[in-house]
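Here's a quick briefing to read alongside the model. Have the sequence and the 3D view open as you go.

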Amino acid sequence: LLQALGAVPTLLLAGAGAFFLSGQLPTDESFGIFFKDWFEKDYFPRVSEKLQEELARRAQSQGAIAGLASQLRGWVLGSTERLHASMWYDLVARRALPPRFADHC
């Protein structure tokens with residue numbers, strides 16, 4: 001009985017927290033702003049870094065001319081990262097925003 005009563009305050013606190021947070025949900029319109037910020041500042045720089053690492057790896061395993069071309073591509077990508085992030089965001093946003101949900105059953 002004491003164990004059951006010990007869970008009641010926890011459940012009440014969790015319920016009150018859920019009720020409070022349900023009134024604090026962000027608007028659907030704010031999603032696009034957050035998504036753009038996340039894509040350009042968090043996601044794309046990590047993708048760009050991985051791509052530059054792959055180009056550097058390829059440059060080491062290729063011949064002199066092909067290796068130089070891969071190094072140049074990596075340098076250009078690193079130098080124009082913000083431009084590339086913006087271009088890729090525009091492409092992704094056209095296909096993904098606003099989010100649409102459908103029942104395919």
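**Salt bridges, core and surface**

The count of salt bridges here comes to 3. Keep in mind that this is a predicted model. The protein chain has 4 helices and 0 strands, and along the sequence the pattern reads α-α-α-α.

- Let's start with Asp-37 and Lys-41, whose side chains meet in a salt bridge at 2.9 Å, N to O. These two sit 4 residues apart in helix H2, so about one helical turn separates them.
- Asp-37 is partly exposed, with a relative accessible area of 37%, whereas Lys-41 is exposed, at 61%.
- Asp-42 and Arg-46 also pair up, their side chains meeting in a salt bridge at 3.2 Å, N to O. Again the spacing is 4 residues in helix H2, so Asp-42 and Arg-46 are about one helical turn apart.
- On the accessibility side, Asp-42 is partly exposed with a relative accessible area of 34%, and Arg-46 counts as partly exposed at 46%.
- Then there's Glu-54, which forms a salt bridge with Arg-57, the closest N and O atoms being 2.6 Å apart. Here the two residues are 3 apart in helix H2, which also means a separation of about one helical turn.
- Glu-54 counts as partly exposed at 26% relative accessibility, and Arg-57 counts as partly exposed at 47%.

**The nonpolar core**

- Which residues make up the largest nonpolar core? It's a set of 7 residues in all: Phe-35, Phe-39, Phe-44, Ala-85, Tyr-89, Ala-93 and Leu-97.
- Helix H2 (29–61) and helix H4 (81–96) each supply at least two residues of this core.
- As background, nonpolar side chains in soluble globular proteins tend to be buried together.
- Leaving aside neighbours within four places in sequence, Phe-39 is in contact with Phe-44, Pro-45, Ala-85, Trp-88, Tyr-89 and Val-92.
- Among those contacts of Phe-39, Phe-44, Ala-85 and Tyr-89 are also members of the core.

- Where does Trp-38 sit? Its place is in helix H2, the helix that spans 29–61.

**The whole chain**

- Of the 105 residues of the protein chain, 14% count as buried.
- The accessible surface of the protein chain comes to about 8900 Å², and 65% of that belongs to carbon and sulfur atoms.
- What about contacts between residues with a separation of 6 or more? Residues 24 or more positions apart account for 68% of them.

Technical notes:
Residues numbered from 1 in each chain as written. Predicted model: local features only at pLDDT ≥ 70, side-chain atom pairs only at ≥ 80, totals over all residues. Heavy atoms only, no water. Core = buried A, V, L, I, M, F, W, Y, C linked by side-chain atoms within 4.5 Å. Buried < 20%, exposed > 50% of the residue type's maximum accessible area, 1.4 Å probe, protein only. Contact = heavy atoms within 4.5 Å. Salt bridge = Lys/Arg side-chain N within 4 Å of Asp/Glu carboxyl O. Areas by Shrake-Rupley, 256 points an atom, 1.4 Å probe, with all protein chains shown as cover.
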